[in-house]
Amino acid sequence: MSKQVTLTIDGKSVAVPDGLNVVDAAKMAGIEIPVFCHHPKLEPVGMCRMCLVEIGRPVRDRATGQFVIENGAPKIQFMPKLETACTNKVEEGMVVLTQSAKVADGQRGTLEFLLTSHPLDCPVCDKGGECALQDLTMAHGPGKSRFIFEEKMHLAKMIPLGELIYLDRERCIQCARCIRFQDEIAGDAVLEFEDRGRTMQIISRSEPGFDSIFSGNTTDICPVGALTTTDFRFRARPWELGAAPSICAQCPVGCNITLNTRREAMTNGEIVVKRVMPRQNEEVNEIWICDKGRFAYHYADGKQRLTKPLVRKDKKLARASWDAATKIAAENFLKEKKDFVILASGRLSNEDLFNLKTLADHAGGKAYLYSHMAGGELTALVGVGAGTNFGAMGQGTTIVVVASDLYQEAPVWYLRVKQAKERGATLIVLNPRATKLDKYASFTERYEYGDEAKAVHDLTKNGETAEAVLKASNVVVLYGSEGLGVAGSQSLATACAKLLNENGFAGKSNNGLIGVWERANDQGAWEMGFTVEDDLAKALKGKAVYIVGADPVNDDPKLASALAEAEFVAVQDVMETATTEIADVVLPAQAFTEREGTFTSGERRVQRFYPAVPVTGESKPDFAIAAQIARNMGVILEGMSAVVVFDLLAETVKSFEGLNYARLAEVEAQLPVAGRSDMYYSGTTYANKHGLGAHLSGAATRGEKVSIPRVQKEAVPHPKDNELLAVPVNQLYHRGTTMMTAELLHERIGAASVSLHPDAAARLGVQAGQTVNVSFNGTSGAAVVKLDDSIDEGIALVPRSMGIAIREPVAAKVKA
Amino acid sequence: MSALEPAVELARGLWVTFKSIFERPVTIQYPEEKRPVRQRFRGRHVLKRYENGLEKCIGCSLCAAACPADAIFVEASENTDEKRFSPGERYASTYEINMLRCIYCGYCEDACPTEAIILGDNYELSFYDRQSAIYGKEMLLEPVPAASMLTPQKVEPGVFT
């Protein structure tokens with residue numbers, strides 16, 4: 001623990017860690033000092049003058065350096081004027097007065113000035129009701145203004161900074177929280193002040209406007225309604241919203257979110273999700289979420305939701321009862337026996353996956369995870385476990401990021417890794433091309449696509465990086481699937497696991513392997529024993545397939561033709577997809593917003609989500625549908641209660657041992673204090689009252705013997721002279737089934753692209769922005785050329801889930 | 001007590017009755033004839049318009065927040081100059097009052113920042129079913145003298161922003 005400092009605030013003696021500023025110290029003692037520009041996550045700037053207080057410091061004797069004692073107590077000398085509490089650090093013996101008449105006068109004056117040019121927009125402002133300026137004006141402001149209404153500044157309203165965020169210039173109080181957030185936390189310095197004095201305004205310096213994937217967070221910390229999201233624009237008033245705690249289902253980070261809900265006339269008075277807000281969990285996402293999590297939630301309330309079970313009759317899907325549909329599915333699965341295949345995606349909860357895996361085991365079938373990335377059995381062995389906290393990583397920790405563009409794949413991990421580096425951790429980035437994280441890396445190593453495992457192996461062989469890894473007290477490795485298919489990611493994961501296990505960086509907190517998976521609960525699936533299949537098309541052909549939460553037909557034409565040749569296809573999903581169209585039986589599942597369950601995040605933290613909105617149609621939770629099918633197959637599974645399924649899971653799967661819903665719902669006090677009671681301080685984020693989650697145990701932690709298999713080197717395809725090596729990369733905004741329902745993001749998703757080295761583009765005679773045809777293995781698609789001089793000349797980067805079905809590196813032809 | 005006294009008392013009583021023959025009757029022949037309401041009477045709500053026909057309501061939902069009976073439901077949308085309902089950025093795209101829930105307290109009137117909602121003088125509210133007790137925006141809005149004043153209106157850009 002750091003040095004404690006004792007000071008007196010409003011007559012109350014408080015002991016706080018040294019280095020804190022007076023605002024934060026007062027907050028810890030339960031004393032509120034009003035602020036606009038100060039934010040506990042940002043560096044203080046002292047711009048708004050709202051935190052003015054009286055500060056007195058003990059007088060020291062110049063000769064001895066001791067406190068001067070007067071009447072038995074140290075003599076306190078106050079400054080003649082008020083001081084900003086946010087820029088003054090606490091000192092021993094300091095005396096702070098926050099409630100004096102002088103302070104109240106200062107606060108009143110500051111507010112009066114702020115209100116001279118603030119419009120009376122509150123009734124039409126989206127921030128009205130959760131606005132710091134409103135709250136603080138009520139608490140400290142003058143009842144009346146001495147300024148004349150007609151003389152107010154009138155500036156442009158509704159300026160789109162980007163297509164996601166609107167700026168209202170009149171409302172802005174120039175606190176620079178948004179600019180500082182983008183500079184200090186997001187690392188995308190795209191916002192700036194332009195001009196000065198009364199005409200000072202926020203502008204976006206990027207093209208497209210406000211080009212940051214964290215832009216939504218600025219609306220949370222904006223103390224007024226100057227920045228609002230396009231998504232929530234006029235959709236409801238904040239006080240009318242219900243709030244249900246949930247977990248973001250978009251990526252493996254597992255950000256804690258709150259779903260704000262309200263009745264909507266458009267949907268016939270149904271309760272719908274109106275917006276997604278962050279929920280504080282300092283170990284996972286602090287108080288931030290990325291724009292994908294904030295804006296791409298619409299698939300759950302989409303019009304394409306499945307509402308009733310369907311069965312194919314005379315080549316057409318016709319409505320059926322649950323009994324009939326599950327019976328037909330069960331009969332066909334039983335008929336095929338060993339040729340029964342379950343293909344489940346990481347969008348499902350732990351309970352769903354557990355029931356599906358149990359069903360596959362009992363019925364003698366196979367259970368595959370729908371993913372292009374392997375190595376999960378290794379993260380289950382040497383993955384990070386109990387006590388791991390990204391927020392605590394700093395000096396002494398080495399973080400290795402390999403084959404992953406964290407900014408695009410797991411944005412909040414990008415923030416956490418960046419912060420850890422800023423706190424003193426060593427960051428090693430291994431990637432064949434330049435990524436955003438390079439800027440913060442202590443060491444950046446380039447390797448050629450296909451040499452991932454070797455690059456990890458070499459890490460401990462040469463000088464500086466070897467020292468950084470071997471001499472560190474903690475090592476965390478995040479591995480991804482950039483340029484890798486199943487085989488490649490398997491060998492990379494093995495190399496990483498070997499590195500960690502052989503050097504003693506497994507089985508301790510803040511040490512271990514993290515997979516940067518494609519979906520929210522891939523890690524959970526691996527823990528339960530799901531595997532990925534390299535040649536999925538072959539594995540599906542001629543089988544009875546039970547597809548849950550995946551859309552292979554849309555993703556890959558090869559899988560589409562394989563499924564066309566399958567004996568029987570049952571598809572269980574929340575919405576209509578290309579795969580439900582070819583199915584023999586379609587089973588409507590509930591979205592994560594409608595039910596309870598748990599997800600296992602990439603860092604192996606199990607977290608609960610809770611129901612927020614009523615169930616759509618006749619849909620059921622996935623685990624219940626699996627149980628119903630199982631019953632018709634003669635296997636008894638729990639199908640009523642998610643709690644019971646989780647208890648069974650905890651009894652069966654070793655790494656879940658000791659966990660239960662009550663344990664996952666435990667909370668403890670977090671710093672900084674954030675929540676809805678003090679929106680001026682930490683913004684509009686929600687406090688966490690429903691659980692911080694709990695880590696799974698790893699085999700290494702449990703003291704089991706961990707043996708890592710030998711690294712299997714995979715052969716990289718060799719492109720011919722007129723070909724390029726097309727490698728898959730992961731993109732945050734993509735054309736996946738769930739993303740496309742978020743119309744607001746379409747512009748950001750854009751068209752499919754292919755990135756080439758400028759020389760390669762010149763050789764092919766194509767220019768940036770030109771549409772070309774990319775073809776390989778019978779697959780082809782149009783893509784817009786982008787230039788990237790950090791890649792090799794023989795390489796073409798093709799983003800996944802953008803219309804061109806690329807699973808692993810492949811020799812491809814690029815033609816104009 | 002004299003023997004005549006009951007007769008005198010009877011006559012006195014009947015005199016009062018007799019006098020009222022010449023008084024004007026106070027009965028109002030409702031519903032043919034209607035008694036004007038008092039100035040502060042709180043009847044069925046009306047959503048007011050400006051002189052040019054634009055709605056005063058901006059969809060801020062403060063009336064709904066003030067309503068102790070939770071009788072009001074408001075949803076807002078954005079105005080454009082092509083389709084303008086009210087001055088400014090925002091208008092009420094849905095405005096419903098459940099007249100069965102309403103207790104005619106007038107808090108909505110107090111809460112309204114634009115004086116858009118007024119408790120009018122209509123007290124003749126009766127319904128055959130609960131659904132018809134929910135008054136929508138089209139029923140609550142003040143009628144306009146000319147069709148050109150109906151909302152939405154197409155207006156010159158920049159005038160009402």
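Of the 161 residues in chain B, 24% are buried. This is a predicted model. The overall dimensions of chain B go with that figure. Its radius of gyration is 25 Å, whereas a compact globule of 161 residues would have one near 15 Å. Along the principal axes, the C-alpha atoms of chain B fill a box of roughly 95 × 35 × 30 Å.

Now follow the fold of chain B. Its secondary structure consists of 4 helices and 5 strands. In sequence order they read α-β-α-β-β-α-β-β-α. Contacts within the chain can be sorted by sequence separation. Take those between residues at least 6 apart: 74% of them join residues at least 24 apart.

Next comes the contact between the two chains. Chain B contributes 14 residues to it, and chain A contributes 10 residues. Which elements of chain B each supply at least two residues to the side that touches chain A? They are helix H2 (62–66), strand S2 (72–78) and strand S3 (90–98). S2(B) provides the largest share of that side, with 4 residues. Sorted by class, the side of chain B that touches chain A holds 6 nonpolar, 4 polar and 4 charged residues.

Turn to chain A and its domains. Domain 1 covers 4–116 and domain 2 covers 152–299. Domain 3 is written in two segments, 310–375 and 526–653. Domain 4 spans 376–516, and domain 5 spans 724–815. The centres of domain 1 of chain A and domain 4 of chain A, taken over C-alpha atoms, are separated by 43 Å.

The nonpolar cores complete the picture. The largest has 224 residues. Which of its residues touch the most other members? They are A:Val35, A:Ile342, A:Ala344, A:Val477 and A:Cys496. Helix H14 of chain A, residues 486–502, gives the most to this core, with 8 residues.

A:Ala344 deserves a look of its own. Set aside its neighbours within four places in sequence. A:Ala344 is then in contact with A:Leu353, A:Leu356, A:Ala367, A:Leu369 and A:Tyr370, among others.

Another core lies apart from the largest one. This other core has 29 residues, including A:Phe234 from chain A and B:Cys60, B:Leu62 and B:Ala76 from chain B.

Conventions:
Residues numbered from 1 in each chain as written. Chains lettered and ligands numbered in written order. Predicted model: local features only at pLDDT ≥ 70, side-chain atom pairs only at ≥ 80, totals over all residues. Contact = placed C-beta atoms within 7 Å. Nonpolar A, V, L, I, M, F, W, Y, C, P; charged D, E, K, R; others polar. Domains from an automatic or database assignment. Core = buried A, V, L, I, M, F, W, Y, C linked by C-beta atoms within 7 Å. Buried ≥ 20, exposed ≤ 12 C-beta atoms within 10 Å, placed from the backbone. Rg over C-alpha atoms; globule rule 2.2 N^0.38 Å.
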